[in-house]
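Please examine the structure shown below before reading on. The paragraphs that follow lead through a helix and then through selected loop residues.

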Amino acid sequence: MITRTLFLSTALFLSACSADTPDKTTQPTQSPTPTDDDAITEDTEDFARIPAVLRDDLPTLAAKLRDGEITSEALVTAYLARIEKIDRSGPQLQSVLTINPDALRDARALDRLLAEGTVKGPLHGVPILLKDNIESADAMPTTAGALVLKDNVTGRDSPLVTGLRASGAVILGKTNLSQWANFRSNGSISGWSALGGQVRNPHMLDRSPCGSSSGSGAAMAASLAAGTVGTETNGSIICPSSVNGIVGFKPTVGLVSQQYIVPISSSQDTAGPMTKTVRGAAMMLSAMAQTTDSEAAKDYAAGLDAGSLDGVRVGVLRFSVGDNADIAASFDKSLEVLEAAGATLIEIKEFSLDTENFGTKSRNVLYHEFKATLNAYLADTAPAVTARSLDAVIAFNNANATRELALFDQSIFEAAAPLPGLEDETYLSNRDDIQRATGANGIDALLAENNVSILVSPSGPLTARIDPINGDVWPDWSGGGYLAAIAGYPHLSVPMGGVHGLPLGLSFIGTKNQDADILSYGFAYEQRSKARFDPAFLQSAFERSEIRAATTRP
């Protein structure tokens with residue numbers, strides 16, 4: 001994808017990146033609540049009707065589990081039934097790649113513990129889906145959506161999964177993704193993988209789910225788990241969260257361990273939570289965050305304050321909004337909510353990066369880091385994986401081109417393969433330049449020069465249609481998320497309504513390690529806006545009455 005500022009390729013930017021109403025712009029005051037009739041037959045076409053047990057957000061489900069109102073076994077069973085109904089069948093979202101064969105066993109074990117009076121943690125019994133570039137010790141491969149890793153069963157938990165389990169979570173399965181976290185080709189298609197096919201956006205099935213964490217975003221929006229985990233290098237938590245109408249949090253790089261995650265960039269990669277609400281994301285982050293023996297785990301949920309925006313100066317990244325009038329109108333409505341919460345808005349109309357050839361340098365950094373980190377990962381993966389280097393993966397893809405290369409090439413792989421290691425002086429210089437431009441001279445300068453505590457912008461554009469012929473074809477970009485991605489700073493997307501039934505997100509961006517504040521500010525906005533809405537599973541925009549009327553000959 002391209003930002004108005006960066007002119008980066010789609011793959012670089014999005015790497016591990018209401019029902020029918022007559023009004024074009026929608027910003028619901030609360031999430032629409034379906035009827036309480038749960039008599040949903042197996043052959044119903046009303047996929048938008050969510051069974052009552054699955055309508056709740058993660059914190060509510062966690063409380064019901066803890067209070068014995070529902071068992072983990074019953075909740076896992078309900079999610080598995082919904083996955084079968086709308087992910088494998090019906091609209092075929094194809095957002096879930098693998099089901100954990102031991103999920104029900106694990107849920108029953110947690111139910112027994114609870115009956116004995118033992119609560120492992122705040123997520124006791126809560127079913128979570130992991131993006132399929134994150135290792136877990138369950139009997140599931142970690143594939144990044146690629147045929148070459150289809151047998152990559154390592155038997156080890158990534159540290160973030162260790163944290164989730166310690167907090168009581170049930171690992172329900174793995175989500176589909178843009179193959180190799182959308183870092184194989186400059187002509188890639190967001191949400192496609194050789195193993196999982198094309199993920200679909202549950203709001204409009206012909207629209208892109210965006211970014212490499214596409215399956216995690218679509219699955220969360222469709223209520224296929226209580227929470228999901230995504231990963232981001234540049235946009236791949238934030239964009240899927242925005243276009244699928246959910247909350248997504250990209251933490252400060254390093255807060256969540258990168259270990260045992262199929263990598264792209266040592267300087268930009270991070271995993272993060274994707275949920276229906278900010279409190280749910282905070283609860284997941286508390287479990288996922290890296291801690292040491294001398295450092296107690298932080299409770300990010302405990303720090304949420306609905307009044308935290310009162311008296312806070314907020315920097316409005318007006319230069320990042322773009323030319324789409326509908327996005328601008330939605331953004332302005334969200335700014336009114338911030339003001340009503342007591343925030344003082346400071347318009348920031350101009351910004352320019354202080355380094356030349358920024359796009360080329362960013363690309364160079366990712367290419368270098370990808371080769372080095374992938375080679376290191378492949379050298380330490382499951383014995384059944386025969387490809388032990390990037391060169392070997394390229395050769396495998398060429399040998400299996402009918403499936404792997406049917407829709408787009410592996411141009412990024414081929415560009416990265418001949419590059420030198422991370423001691424290369426050009427790489428080191430480029431890395432320092434782009435981090436300084438987006439960090440000290442970017443976000444930090446914008447905060448300091450405008451005397452603001454936080455920056456806000458749209459989280460991205462309205463999502464484009466899936467195009468298997470031309471690859472990702474997006475409108476002009478909207479938002480300033482690239483700054484946080486490259487600097488390694490925290491970034492939260494919270495639903496801010498939508499246009500023609502397509503969701504939009506509002507971004508909250510801050511400086512390094514400002515994660516708790518960012519979550520609290522987003523929570524304060526969310527409590528007033530209540531702008532999230534459930535997906536309608538429309539086949540296309542032509543099912544919207546206002547679009548149908550405008551496009552049909554009188």
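Which residues of helix α2 (residues 58–66) are buried? In this predicted model, the buried residues of α2 are L58, P59, L61, A62 and L65. Viewed down the axis of α2, these buried residues fall within an arc of 160°, so they line one face of the helix. An α-helix has 3.6 residues a turn, so residues three or four places apart point the same way. The elements against which the buried residues of α2 pack include the helices α3 (72–88), α4 (103–115) and α9 (278–288). Also among them are the strands β3 (127–131), β7 (227–232) and β9 (270–275). Just after α2 comes G68, which takes a positive phi of about 80°.

A positive phi also occurs at C210, at about 70°, although C210 is not a glycine. This residue is found in the loop between β6 (197–198) and α7 (214–221). C210 counts as buried because its relative accessibility is 0%, and the buried class covers values under 20%.

The loop between β14 (502–509) and α17 (515–529) contains Q514, and N513 is also placed in the loop between β14 and α17. N513, which is not a glycine, has a positive phi of about 65°. Are N513 and Q514 buried or exposed? N513 is exposed, with a relative accessible area of 55%, whereas Q514 counts as buried at 10% relative accessibility. Leaving aside residues up to four places away in sequence, Q514 touches T252, S453, P490 and Y521. With S453 there is a polar contact: a polar atom of the Q514 side chain lies 2.9 Å from the backbone oxygen of S453.

Conventions
Residues numbered from 1 in each chain as written. Heavy atoms only, no water. Helix = DSSP H or I, 4+ residues; strand = E, 2+ residues; numbered from the N terminus. Buried < 20%, exposed > 50% of the residue type's maximum accessible area, 1.4 Å probe, protein only. Polar contact = N/O pair within 3.5 Å; in protein donor to acceptor, adjacent residues only side chain to side chain. Contact = heavy atoms within 4.5 Å. Arc of directions from axis to C-beta.
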